[in-house]
Structures are given as C-alpha cells and as structure tokens.
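Dear colleague,

I am passing on the structure we spoke about, together with some notes on what was found in it.

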Amino acid sequence: MKYSYKVPCTKEKLRDIRSFVKEVLDKHGISEVDVSTLVLAIDEVCANVIIHGHSCNPKDSIELEIKIDKSQNLEFDIIDTVDLFDIATYQEPKIEDVIKQQKKGGIGLILVKRIMDDIEIIRLPKKNICRLTKKIELT
Amino acid sequence: MVDVKRIQEGNYDLLTVVGDVDASSSIELDNAIEEAIESGGKKFLIDCSNLDYISSAGLGVFMSYIEEFRKRDITMIIYGLNEKVANVFEILGLDQLLVIKQTKEEAKAALG
C-alpha cells in the first residue's frame, strides 16, 4: 500500500502531518506505542526540513510518501527539492553536553535515529528523498 | 496547540500543560517556565496529565532549564505523563535526568 501527502512548509502543518501518519499506520494494525514513536520520528524530520530547509516558507511544500508491504516493512519518504540535511551521517551529540550548553534544539534527530531502523538520503536530479525504514514485528 | 496555566498552590507553582507541544508550540511552554522563574518561584510542579504529545522541541525546553535550575537551586518535578509521552522521555534517557513522578501526591512529596 502506498499513501502520499503534500503540505506547505509551515510549522502549523506539523499537526496535520502527524494526523496523516497516524491515520495510515492505524489502518495496518500497528501497536499504539509503535504508531506514536513513528509519528514522532516523521514529525521530527518534517520539522527539520520545514524550519531549516525552507525557513517556514508557506509557498514551498514538502511531500511525504508512506509504503507498507504485507510483512509490515514500513518506508517513509520525505521528498523535497532543496538539499536535505544528511541525517544518515549525522553525529549524535551527547545528551549531557546539550544540557550543559542549555540548548533547546539538536535532539530531534537523535530521536529519529533511535526510532528508525535505517535512514538514507537519496539525491536525484530534480528531487531529494530522505528515506526512513522500519520493520514492525507482526504480533 | 498548547495551553499552559500557572497557579500558585502553597509553597510551589503548579504549571498545567494541556495539548500538543511540538516545534510550533514549544515557545508557549518555554515562555510559561521563563515567567514562572522570573516571578521568583523556587519550586515547580508540572502537571502533564493532559499533555497529549511532545516532540524534541518540547523536550528541549525542559532540558534547557536543567542546568539553570541546578545553579539557581530551583526544583522542578514533572508528573502525570501518559504512556506514549513517557516513552519519548525514555528514548532519550530524560527520565533519568529530570524528576518524573506518576501522581501529583508523589510529586508534592518529592518537592518537600
């Protein structure tokens, strides 16, 4: 199954993105806790792209594609025309250092890395894709 | 969307967080904590029983005060996290770095 969603690049749209992801995952009998962490990971990547990639410009948009196969292999593509930050090679800061520096940001991508199985940046001629994958154990 | 109410109860300030704290709304939580500090309070209880969702932006707000609270001898205790929200704190290990209790009674007892 494949689902897609396109929204303007505003922070206020994050709530709609979360609702979309939850709605899709709920259809596939994924546990509530798994749904909530996956929704969080997608929210984090989209927030990052909207804020840092597009400076919250409502004239720009990002696209989200979700693919789910029969074995509950989940694939989330965040598709954009700007160059995406390479989360795959991102070095996690230590939580203790973030606290000492009293920074309010910089931990979202740690969450994404801990939640997802794999993160890949695919650069194509006209678009870039941030592909997040996760295998859900069938219950 | 998030609403943060602040009520003074006895020797502490109670901040009640209602709704979703994400990248668009975390500033509200930040402002509320900042105002509570500016008003001179030294003891804060954060009621999260109606906090439906938190992303890193919200966690970042709580984390950013840990050091300041330590230096200024301010105590903050969070309580009432639902299972999904508690899980987010745990993924980052914040349940070990912040004081989190299940109920208001436990939180008040820990506040001293």
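The notes below begin with confidence, then turn to chain A and lastly to the interface.

Please bear in mind that this is a predicted model. The predictor assigns the complex an ipTM of 0.90 and a pTM of 0.92, and in chain B the average pLDDT is 95, with 100% of the residues scoring at least 70.

Chain A contains four helices and five strands, and if you follow the chain from the N terminus, its elements come in the order β-α-α-β-β-α-α-β-β. The C-alpha trace of chain A spans about 45 × 35 × 30 Å along its principal axes. A compact globule of 139 residues would have a radius of gyration near 14 Å, and the 15 Å of chain A therefore agrees with that expectation. Of the 139 residues in chain A, 37% count as buried, and among the contacts in this chain with a separation of 6 or more, 65% are between residues 24 or more positions apart.

As for the interface, 27 residues of chain A are in contact with 22 residues of chain B. On the chain A side, the elements that each give two or more residues are α1 (14–26), α2 (32–53), α3 (95–100) and α4 (108–115), and the largest share, nine residues, comes from α2(A). Sorted by class, the side of chain A that touches chain B has twelve nonpolar, five polar and ten charged residues.

With best wishes

Terms used
Residues numbered from 1 in each chain as written. Chains lettered and ligands numbered in written order. Predicted model: local features only at pLDDT ≥ 70, side-chain atom pairs only at ≥ 80, totals over all residues. Contact = placed C-beta atoms within 7 Å. Nonpolar A, V, L, I, M, F, W, Y, C, P; charged D, E, K, R; others polar. pLDDT = per-residue confidence, 0-100. Rg over C-alpha atoms; globule rule 2.2 N^0.38 Å. Buried ≥ 20, exposed ≤ 12 C-beta atoms within 10 Å, placed from the backbone.
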